[in-house]
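I opened the model to look up its fold, its cover and its charged pairs. My notes follow in the order in which I checked things.

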Amino acid sequence: MTSWDFAALVAIFLFGVPHGGFDAAIARRSGWLMSGRLSWIAFHLAYIAIASAVAVLWWYFPVISLSLFLLVSGYHFGASDIADTGSHWLPWLAHAGLVPIAIPSLNPEAVKPIFSILVGASEADLLLSIIQIIFILWLLICISYCVYTYYKKQYGRPLIALLSMVVIALILPPLVSFSVYFCLWHSRGHIVRLWHSLQQNQRLATVQEAIVYTLLSWISAVLFFFYLSGSISDIILQITFIGLAALTWPHMILVDYMDKKWGHYE
């Protein structure tokens, strides 16, 4: 990996991962985390159990795990990108395809060694070939999205942001373009929406809580760094993506399912 790739991974840890530290605040208002010690313990045990199960399954079934991670992250990112605008299926599909479809397809030679580290060389070739086939369909969806936005003006800003990210993905290496999206668009938008939804007297405690969870996630990453074997670059890459997958599942259950049931979206 290049120095730019290392910088991108560091940025993901420093500026992207912390947005998940606000999950407890979402859990409280969605009813998963109630007042009381037993509820607090149950929530954290469930969260850790889901994340741990995802990490273990990735260890034994990497191809399936990466494929599912791309699928669910696309679902989650797509919903988040248009959360301030709406939830229509065509914009959702267009935005959902940016990270799992567009970024790998626009720079497959740079993505192949990344996927190879995560799932193996032959499996990486197969996965990339499937993604590039889907990319054609995604392009048709994006063209339809442009026409759709002509009639639904409110999607103009998300569309411009999406097209800007596609240009960035064409110019920058895949890890860097993903870092730009994850840190500056997805995570920032999530935190801003949540911040505005909090009562004034809840904000300080929520930030302190998020800092604690973020520090714990960083400490866990350091511990796994010394446990895993291989080159430093391979280990950092594995920790980043397996860690993101492990945290995405409980985060997505909270944000895309439980919080929506209560009329929120973060």
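I took helices (H or I, at least four residues) and strands (E, at least two) as DSSP runs, numbered from the N terminus. The model is predicted, so I required pLDDT of at least 70 for local features and 80 or more for side-chain atom pairs, while totals for chains, interfaces and linings use all residues. Residues are numbered from 1 along each chain as its sequence is written, and side-chain values use heavy atoms, with hydrogens and water left out.

**Entry 1. Overall fold**

I counted twelve helices and zero strands in the chain. From the N terminus on, the order of elements reads α-α-α-α-α-α-α-α-α-α-α-α. The radius of gyration of the chain is 18 Å, close to the 18 Å that the globule rule gives for 266 residues, so the chain is as compact as a globular protein of that length. For this I took the radius of gyration over C-alpha atoms, and the globule rule as 2.2 Å times the number of residues to the power 0.38. The C-alpha trace spans about 55 × 50 × 30 Å along its principal axes.

I then looked up cover. I called a residue buried under 20% relative accessible area, exposed over 50% and partly exposed in between (1.4 Å probe, protein chains only). Buried residues make up 47% of the 266 in the chain. A contact means heavy atoms within 4.5 Å. Of the contacts in the chain with a separation of 6 or more, 75% are between residues 24 or more positions apart.

I looked up Ser233, which is found in helix H12 (residues 232-261). Ser233 counts as buried, at 16% relative accessibility. Not counting residues up to four places away in sequence, Ser233 touches Met1 and Phe6.

**Entry 2. Helix H2 and what lies by it**

Helix H2 (residues 23-30) is mostly covered, with six of its eight residues buried. Those are Asp23, Ala24, Ala25, Ile26, Ala27 and Ser30. Just after H2, Gly31 takes a positive phi of about 95 degrees.

I checked Gln202 against this helix. Gln202 sits in the loop between helix H10 (174-197) and helix H11 (203-227), and is partly exposed at 35% relative accessibility. Its C-alpha atom is separated by 9.1 Å from that of Ala25, 177 residues apart along the chain.

Ala210 lies in helix H11 and is buried at 4% relative accessibility. Leaving aside neighbours within four places in sequence, Ala210 is in contact with Gly21 and Phe22. Ala210 and Lys153 are 57 residues apart in sequence, and their C-alpha atoms are 36 Å apart in space.

**Entry 3. Salt bridges**

How many salt bridges does the structure hold? I found three, taking a salt bridge as a side-chain nitrogen of Lys or Arg within 4 Å of a carboxyl oxygen of Asp or Glu.

Arg28 pairs with Glu209, the closest N and O atoms being 2.9 Å apart. Arg28 lies in helix H2 and Glu209 in helix H11, so the pair ties together parts that are 181 residues apart in sequence. Arg28 is partly exposed at 39%, whereas Glu209 is buried at 17%.

Asp84 and Arg193 meet in a salt bridge at 3.7 Å, N to O. Asp84 is in the loop between helix H4 (62-81) and helix H5 (89-96) and Arg193 in helix H10, 109 residues apart. Asp84 is exposed, with a relative accessible area of 63%, and Arg193 is buried, with 12%.

Lys112 forms a salt bridge with Asp125, with 3.2 Å between the closest N and O atoms. Lys112 lies in helix H7 (residues 108-119) and Asp125 in helix H8, so the pair ties together parts 13 residues apart in sequence. I noted Lys112 as partly exposed at 30% and Asp125 as partly exposed at 37%.

**Entry 4. Cysteines**

I searched the whole structure for disulfides (a pair of cysteine sulfur atoms within 2.5 Å) and found zero. The sulfur of Cys146 is 6.9 Å from the closest cysteine sulfur, in Cys142, too far for a bond. Cys146 is partly exposed at 34% relative accessibility, and Cys183 is buried at 9%.
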